[in-house]
Structure formats: C-alpha cells, structure tokens
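Here's a quick walk through one model, from an annotated site to the sheet behind it. Have the sequence and the 3D view open as you read.

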Amino acid sequence: DYQMPLAGRTVTITAGGTREPLDPVRFLGNRSSGKQGVALAVAARNAGATVRFVAAHMEVPPPAGVEVVRVETALQLREAALEAANGSDVVIMSAAVADFRPAEISDTKIKKRDDTADPVITLVRNPDILQELVEQRNGGAGGAPQLIVGFAAETGDSQGGVLAYAEAKLQRKGCDLLVVNHVGTDKVFGQDSNSVVILSRSGAEPQEASGTKTEVSDAIISRISFELNHVSP
Ligand code: C5P
C-alpha cells in the first residue's frame, strides 16, 4: 500500500536519554530530548505500523497511539528493548544510551564533608544494546529477518571524517542502516530540525536527509519501508 507502507508491521523504537543514578537524587545523563524518537514513532504509526515505544528520559511527551514502556537506565532500556524487539519487523535504536554507569549507587545522598577526600566516581561499561539486538536478530510475524537501525551522534571537524568513522561503526555494529548525526551542544539536541546521512550495510549510496525532525523521520521511515519491501536479505 502506497499510503501505509508499514501496515501489518511492528516497529520497536527506543528514544530519549538514559539516566544513570549516583545516589537517590543524582544521576549522569545526556542532552537527548527524545524529539527525534517521538517524530520517528509518529512517522511509523502514520505509515500503518504497530509501534512499541521504549522511552528513556524525554523533554516531550510520547505520541498518542503507540505502546509506551518507560525506562530510566541503560540496563532497564536493554531489558525493555530486547523484549519489545521480539516479534518486531524493525528495531530503531534512536535512544542516547549511556556507554558507562557508576560502578556503585549510594543508598543515601552522597554528602559533602570537609574531613574526607574529594569523591571519585568509578564508571563501568554498559552493554551495547544495538550489538546485542544484532546478535539475537529475529523477525516479525512475516518471517523476514528483522531490520535493525542504529543512530550515531558524531562530533568531528569535517563531514568527511565523520562519515568515514560512521561507515566503520556500521560495519562493526552489523546493523542494516545507520543514521548519522553530526552533533555539538549547539546543534541537534533539543532542536526541532536535524540533518542526517543514512548509511546502508547493503552498500547503497549514502542518503542525506535534512529539515524538521518530522521531515527527517519521514525520510528514515520511507527508507526503512523501501528496505523491507524491496531488498531481499
Ligand atoms: O557506539 P555509539 O554509542 O556511537 O552507538 C550509537 C548507537 O548504539 C545508537 O543507536 C545507540 O542507541 C546504540 N547504543 C546502544 N547501547 C549502548 C550505547 C549505544 O545500543 N550502550
């Protein structure tokens, strides 16, 4: 169907930024607003998909008409994403997942005291959820292999350098599509517009998309629909 290219498909989308607690009142977080993930969920829903939306911390509400699971930490997001991915035709990892979390979470608020040394925070690695999704890759009801889409927020001084680095990341992670953002604190995060390049593991030419996050999402969802409906494994 031209209007509903994702009719009958289930799409899992993760969005927002994880928060990794240090104590009952503090956390390590990031600048993700969740806007791109919400726009993707709307685009997928409008294309006819059943959307499973795994939301970490967001500055905007989740969209109507999608099934929402709320999470806070990377470990919680991992559990929710692996479960939602089961039976999904597509998984889009647009969440900004913390690569590290504090090794210990204090039960009580960490106090400032004059008689002790300045505190040191030890971090441990979080699992790479995208990589795990690729390892456990399964499919939707249709029996076709699952399409897995990663995001890469790269800071770099040149677009060419960013793309070469992202291409290596696509191959390393083994996802089917990688949506590459060139970010800085003044760009992308919290903004209503975005500019991305979609890289494909099947070797298709990099595709640029820019505009509002809604327009970028429509381009990403069209590309996903195309891959699902026209590209054989
Ligand atoms: O390696 P990098 O963090 O740049 O990869 C970004 C992609 O990997 C995003 O799709 C993000 O959602 C995902 N990711 C993940 N688990 C992590 C870190 C990132 O799935 N621990």
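## The annotated site

Which residues does UniProt list for "binding site"? Keep in mind that we're looking at a predicted model. The UniProt entry, an unreviewed one, gives Asp99, Lys109, Pro127, Asp128, Ile129, Leu130, Phe151, Lys169 and Lys173.

Even so, the lining of the largest pocket includes Asp99, Pro127, Asp128, Ile129, Leu130, Phe151, Lys169 and Lys173.

## Two of the listed residues

Take Asp99, which sits in the loop between β6 and β7 (100-102). With a relative accessibility of 53%, Asp99 counts as exposed, because the cut-off for that is over 50%. Setting aside residues up to four places away in sequence, Asp99 touches Val124, Arg125 and Asn126.

Pro127 belongs to another loop, the one between β8 (123-125) and α3 (129-135). Its relative accessibility is 27%, so Pro127 goes down as partly exposed. If you ignore its neighbours within four places in sequence, Pro127 has contacts with Leu75, Arg78, Arg101 and Glu132.

## The sheet

Now for the sheet. Eight strands make up an open sheet with mixed pairing, in the order β5-β4-β1-β6-β9-β10-β11-β12. At the edges you'll find β5 (67-70) and β12 (207-212); each has a single partner strand, so one side of each is left without a neighbour in the sheet. On average, neighbouring strands here are turned by 20 degrees against each other, ignoring direction.

Zoom in on β9 (residues 147-154) and β10 (residues 177-182): these strands run parallel and are joined by six bridges. Within β10, Leu178 is the residue that stands opposite Gly150.

## Helices on the sheet

Helix α1 (residues 35-46) lies across β1 (10-15), β4 (50-55), β6 (90-93), β9 and β11, and runs at about 170 degrees to β4. Helix α2 (residues 74-85) also packs on the sheet, where it touches β1, β4, β5 and β6. The direction of α2 likewise makes about 170 degrees with that of β4.

## A buried asparagine

Is Asn194 buried or exposed? Look for Asn194 in strand β11 (residues 193-200). At 5% relative accessibility, Asn194 counts as buried, since the cut-off is under 20%. The side chain of Asn194 makes a polar contact of 2.9 Å with that of Asn181.

Terms used. Residues are numbered from 1 along each chain as its sequence is written. This is a predicted model: local features need pLDDT of at least 70, side-chain atom pairs count only at pLDDT 80 or more; totals for chains, interfaces and linings use all residues. Side-chain values use heavy atoms; hydrogens and water are left out. Helices (H or I, at least four residues) and strands (E, at least two) are DSSP runs, numbered from the N terminus. Buried means under 20% relative accessible area, exposed over 50%, partly exposed in between (1.4 Å probe, protein chains only). A polar contact is a pair of N or O atoms within 3.5 Å; within protein, one must be able to donate a hydrogen and the other to accept it, and residues adjacent in sequence count only if both atoms are side-chain atoms. Two strands pair if DSSP finds at least two bridges between them. Axes are lines fitted to C-alpha atoms, for helices over the stretch in contact, and angles run from 0 to 180 degrees between N-to-C directions. Contact means heavy atoms within 4.5 Å. UniProt positions are given in the numbering used here, feature names are shortened, and annotations may be inferred rather than shown by experiment. On a 1 Å grid over the protein atoms alone, a cavity is a set of points where a 1.4 Å probe fits but cannot get out, and a pocket is an open set with protein on both sides within 12 Å along at least five of seven lines; lining residues have an atom within 4 Å of a point.
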